[in-house]
Amino acid sequence: LERNNLKIPMIDRDLGAFRTKSDNINILSSDFGSIDGDVVSIYHNGKLIVNKYTLKRAAKIFNIPLKDGFNKIEIVATDEGRLRPNTGNFKIFDDLEQTFISDFWYLAKGAKVYALIIKEK
């Protein structure tokens, strides 16, 4: 797919809403396609917390402290690298080892995936 340079539509993807009692949410990220410079940024409640991280084959975990109540998490494909699209592998889980989503994503530059995490007391 990457080598054919297909036109990938820029479509945002809503992952849904999830509840947790955990103090943190974790995002494991890696590039499952060709290592070509795919870049993502991560936002928490509209605030940039990971700026232009270049995905690698080895997974990296970002730990995000949650506020009580609603927490909007957004992962934005900042760059597609040399080959389209941005091929990110992401797993979102909490400190209690509950996995909310684990998937391989093909994202066009500027597209985002987002989820609402509700931290319960």
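User: What makes the approach of the Glu 80 side chain to the backbone nitrogen of Lys 109 a polar contact?

Analyst: In this predicted model, the Glu 80 side chain reaches that nitrogen at 2.5 Å. The cut-off for a pair of N or O atoms is within 3.5 Å, so the pair qualifies.

User: Which side chain does the side chain of Glu 80 make a polar contact with?

Analyst: That of Arg 84, at 2.5 Å. The limit is again 3.5 Å, so this pair also counts.

User: Why is Glu 80 called buried?

Analyst: Its relative accessibility is 7%. Buried means under 20%, so Glu 80 falls in that class. Glu 80 sits in the loop between strand E6 (69-79) and strand E7 (86-94).

User: What is Glu 80 in contact with, leaving aside its neighbours within four places in sequence?

Analyst: The partners are Asp 36, Asp 38, Pro 85, Asn 86, Leu 107, Ala 108 and Lys 109. Gly 37 lies 43 residues from Glu 80 along the chain, yet their C-alpha atoms are separated by 6.9 Å.

User: How do you know that the peptide bond from Arg 84 to Pro 85 is cis or trans?

Analyst: Look at omega. The value is near -10 degrees, and the bond is cis. Pro 85 belongs to the loop between E6 and E7. Most peptide bonds are trans.

User: What makes the phi of Asn 45 worth a look?

Analyst: Phi is near 50 degrees, a positive value, and Asn 45 is not a glycine. Most residues other than glycine have a negative phi. Asn 45 is placed in the loop between strand E3 (39-44) and strand E4 (47-54).

User: Why is Asn 45 called partly exposed?

Analyst: Its relative accessibility is 34%. Buried needs under 20% and exposed needs over 50%, so Asn 45 is in between.

User: Where is Glu 97, and is this residue buried or exposed?

Analyst: Glu 97 is in the loop between E7 and strand E8 (99-107). The relative accessible area is 73%. Exposed means over 50%, so Glu 97 is exposed. Its phi is positive too, about 65 degrees, although Glu 97 is not a glycine.

User: What makes E5 and E8 edge strands?

Analyst: The open sheet has four strands in the order E5-E2-E7-E8, with antiparallel pairing. Strand E5 (60-65) and E8 each pair on one side only. From one strand to the next, the twist averages 20 degrees.

User: How do you know that strand E2 and E7 pair?

Analyst: Count the bridges. Strand E2 (residues 24-31) and E7 share seven, in the antiparallel sense. Pairing takes at least two bridges, so E2 and E7 count as paired. One of the bridges joins Ile 25 to Asp 94 in E7.

Note on methods: Residues numbered from 1 in each chain as written. Predicted model: local features only at pLDDT ≥ 70, side-chain atom pairs only at ≥ 80, totals over all residues. Heavy atoms only, no water. Buried < 20%, exposed > 50% of the residue type's maximum accessible area, 1.4 Å probe, protein only. Polar contact = N/O pair within 3.5 Å; in protein donor to acceptor, adjacent residues only side chain to side chain. Contact = heavy atoms within 4.5 Å. Axes fitted to C-alpha atoms, helices over the stretch in contact; angles between N-to-C directions.
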